[in-house]
Amino acid sequence: MVGTAPAPGETRPKRTAVRPSGVERRFAADELIVSKTDLRGVITYANDVFLRVSGYDLDEVVGQPHNLIRHPDMPKAVFKLLWDTLAAGQEIFAYIDNLAADGANYWVLAHVTPSHGPDGAVVGYHSNRRSPAPRAVAAVKPLYAQLVAEERRHPNGRAAVEASSRLLAAREASRAASYEEFVWSVIEDGAER
Ligand SMILES: Cc1cc2nc3c(=O)[nH]c(=O)nc-3n(C[C@H](O)[C@H](O)[C@H](O)COP(=O)(O)O)c2cc1C
């Protein structure tokens, strides 16, 4: 039934694949989009700002993999870097373009960190996101477009992510600047280095 809450214990059917509408959504500079996941990236918590901006209800996101809001124009290499960094026990800052339930997209500057249990072991992950400066997004777009173009030249996902990760590493080497340094440099001057 449409529009009714699921009965206790019943899960809502997933929406069918969302197609990007080309409409960009912004959120306020003083707002934080927050979510938490388990070790596999399955969402365990989302705050009200997450729900409002993504257009999902809480029961549609909790229990779903975080790629629920993956935008098809996001490079796989960025998510590989995110997961490799978390697996190494470190935090990461990244620009991510997300896809809302109605097809709108919204850019975030995400800070993603491991969460530790009482014994120090990593029990899940946590992400806080702010609205990025428009000039930073303008600087990130050409890099991500280049990475996605490289990925689309390859027939399968594994070859694609390897190729775009190589491209990202080559770019870092030629500029002697890591992805994280790039993240901060575009906030300062909006120019790609
Ligand atoms: C705490 C946390 C937050 C994440 N936030 C996002 C997000 O906002 N958008 C997104 O597309 N992926 C996010 N991811 C990464 C997803 O788990 C996933 O790797 C990504 O969407 C790529 O999906 P795919 O591997 O199916 O292509 C997050 C992962 C973690 C651990």
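Biologist: In which helix is Arg171 found?
Modeller: This is a predicted model in which residues are numbered from 1 along each chain as its sequence is written, and side-chain values use heavy atoms, leaving out hydrogens and water. Local features need pLDDT of at least 70, side-chain atom pairs count only at pLDDT 80 or more, and totals for chains, interfaces and linings use all residues. Helices (H or I, at least four residues) and strands (E, at least two) are DSSP runs numbered from the N terminus. The run of residues 157-175 holds Arg171, and that run is helix H5.

Biologist: Does Arg171 count as buried or exposed?
Modeller: Buried means under 20% relative accessible area and exposed over 50%, with partly exposed in between (1.4 Å probe, protein chains only). Arg171 has 10% relative accessibility, so this residue counts as buried.

Biologist: How far apart in space are Arg171 and Leu143?
Modeller: In sequence, 28 residues separate Arg171 from Leu143. In space, their C-alpha to C-alpha distance is 9.5 Å.

Biologist: Which backbone nitrogen does the side chain of His71 reach?
Modeller: His71 sits in the loop between helix H2 (58-61) and H3, and its 5% relative accessibility is why it counts as buried. Beyond four places in sequence, the residues in contact with His71 are Pro20, Asp97, Asn98, Leu99 and Asn105. At 3.0 Å, its side chain reaches the backbone nitrogen of Asp73.

Biologist: What percentage of the area that the ligand exposes alone does the protein bury?
Modeller: Asn67, Arg70, Trp83, Asn98 and Arg129 come nearest among the 15 residues around the ligand (a heavy atom within 4 Å). A side-chain N or O atom of Arg70 is 2.7 Å from a ligand oxygen, and one of Arg129 is 3.1 Å from a ligand nitrogen. Taken alone, the ligand exposes 610 Å² (Shrake-Rupley method, 1.4 Å probe). The part of this area buried by the protein is 85%.

Biologist: How far does H3 reach from its first C-alpha to its last?
Modeller: H3 has 12 residues, and Ala77, Val78, Phe79, Leu82, Thr85 and Leu86 are buried in it. The expected span is 1.5 Å times one less than the number of residues, which for H3 is 16 Å. The computed reach is close to that, at 16 Å.

Biologist: What is the order of elements in the protein chain from the N terminus on?
Modeller: The chain has 6 helices and 5 strands. Of its 193 residues, 42% count as buried. From the N terminus, the elements run β-β-α-α-α-β-β-β-α-α-α.

Technical notes. Polar contact = N/O pair within 3.5 Å; in protein donor to acceptor, adjacent residues only side chain to side chain. Contact = heavy atoms within 4.5 Å.
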